[in-house]
There are 2 protein chains.
Amino acid sequence: MFQALADPTRREIVRRLCEGPATVSELSAPFKMALPSFVQHLQVLEQSGLITSEKVGRVRTCRVALERIADAEAWFESLRALWDERFAQLDTLLETLQDEK
Amino acid sequence: MFQALADPTRREIVRRLCEGPATVSELSAPFKMALPSFVQHLQVLEQSGLITSEKVGRVRTCRVALERIADAEAWFESLRALWDERFAQLDTLLETLQDEK
DNA sequence: CGATTGGTTAGGCATGTGCCTAAGTATATT
DNA sequence: AATATACTTAGGCACATGCCTAACCAATCG
């Protein structure tokens, strides 16, 4: 998942899809890149679960998988929890020191 | 920054440092990896700003740079904002349709 | 001072990644 | 049916990445 987000093109794709579903053509338009290369990026994102896609006729429409984005975000929250826990321990220690004083 | 977080070893390093500062030796102990390889990971993280390090004598101590972590987290928040904005627009549209009905 | 410890530098390798071009398939339009 | 459009498949290349070993430097310990 983080591997998938390592590439700036892929991050931009995800960002764009948060604005709403889009076709492969729409998504690829702003990028000066050969289509197969671009689609490879989509595949990485889809493989990681961050987006889904559906082909109707000859048009493939991509959508962001927000639950999966939330999974990635949760990692940061877990870091914050660790850090906060550390501050809580520091606070406790400071209180202990004050009591002893 | 996301590039730096793409590697599981590096994510674990960051996670560990959120528990508190640690020396290179301490950090590398759980990993079955040659020290130079491990230090290369630290360098990637430091280069990306996610951690800082300071050498005192022969001991290098690493610390997480929480502000920088917050920068990465902010990207997810910006996605959420886009998504929320989209829902707001949908709500408005639904209300408009209801009014017309 | 010699030995040990903690880290750094240098060079190398196998694999992965991000891009390309060419050719092809399927669907839609004229 | 011919043409255009949207995507897919296949193969390739240059560079990046994640690991290794060997050698070295600096600080600390006994």
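# Exercises on a predicted two-chain model

**Exercise 1. How far apart are the end C-alpha atoms of helix 4 of chain A, and what span should its 13 residues give?**

Helix 4 of chain A covers residues 35-47. Take 1.5 Å a residue; the 13 residues should then span 18 Å. The end C-alpha atoms lie 18 Å apart, so the two values agree. Bear in mind that the model is predicted.

**Exercise 2. Which residues of helix 4 of chain A are buried, and how wide an arc do they cover?**

Start with the list: F38(A), H41(A), L42(A) and L45(A) are the buried residues of helix 4 of chain A. They cover an arc of only 95 degrees around the axis, so they sit on the same side of helix 4 of chain A. An α-helix has 3.6 residues a turn, so residues three or four places apart point the same way.

Next, turn to the face away from the buried side of helix 4 of chain A. That face carries the exposed residues P36(A) and Q47(A).

Then ask what covers the buried residues. The cover includes helix 1 (2-5), helix 2 (8-18) and helix 3 (24-28) of chain A. It also includes strand 2 (51-56) and strand 3 (59-64) of chain A.

Last, look just past the helix.

**Exercise 3. How many residues of each chain are in contact, and what area is buried between the chains?**

Count first: 25 residues of chain B are in contact with 25 residues of chain A. Now the area. About 2500 Å² is buried between chain B and chain A, and carbon and sulfur atoms give 73% of it. Across this interface there are 2 salt bridges.

**Exercise 4. Is E73(A) buried or exposed, and which residue meets its side chain in a salt bridge?**

Locate the residue: E73(A) is in helix 5 (residues 66-100) of chain A. Its relative accessibility is 6%, so E73(A) counts as buried; the cut-off is under 20%. Beyond its neighbours within four places in sequence, E73(A) is in contact with F76(B), E77(B) and R80(B). The side chain of R80(B) meets that of E73(A) in a salt bridge, 2.6 Å from N to O.

Note on methods: Residues are numbered from 1 along each chain as its sequence is written. Chains are lettered from A and ligands numbered from 1 in the order in which they are written. This is a predicted model: local features need pLDDT of at least 70, side-chain atom pairs count only at pLDDT 80 or more; totals for chains, interfaces and linings use all residues. Side-chain values use heavy atoms; hydrogens and water are left out. Helices (H or I, at least four residues) and strands (E, at least two) are DSSP runs, numbered from the N terminus. The expected span of a helix is 1.5 Å times one less than its number of residues. Buried means under 20% relative accessible area, exposed over 50%, partly exposed in between (1.4 Å probe, protein chains only). The arc is that of the directions from the helix axis to the C-beta atoms. Contact means heavy atoms within 4.5 Å. Buried area is the accessible area (1.4 Å probe) that two parts lose on being put together, summed over both. A salt bridge is a side-chain nitrogen of Lys or Arg within 4 Å of a carboxyl oxygen of Asp or Glu.
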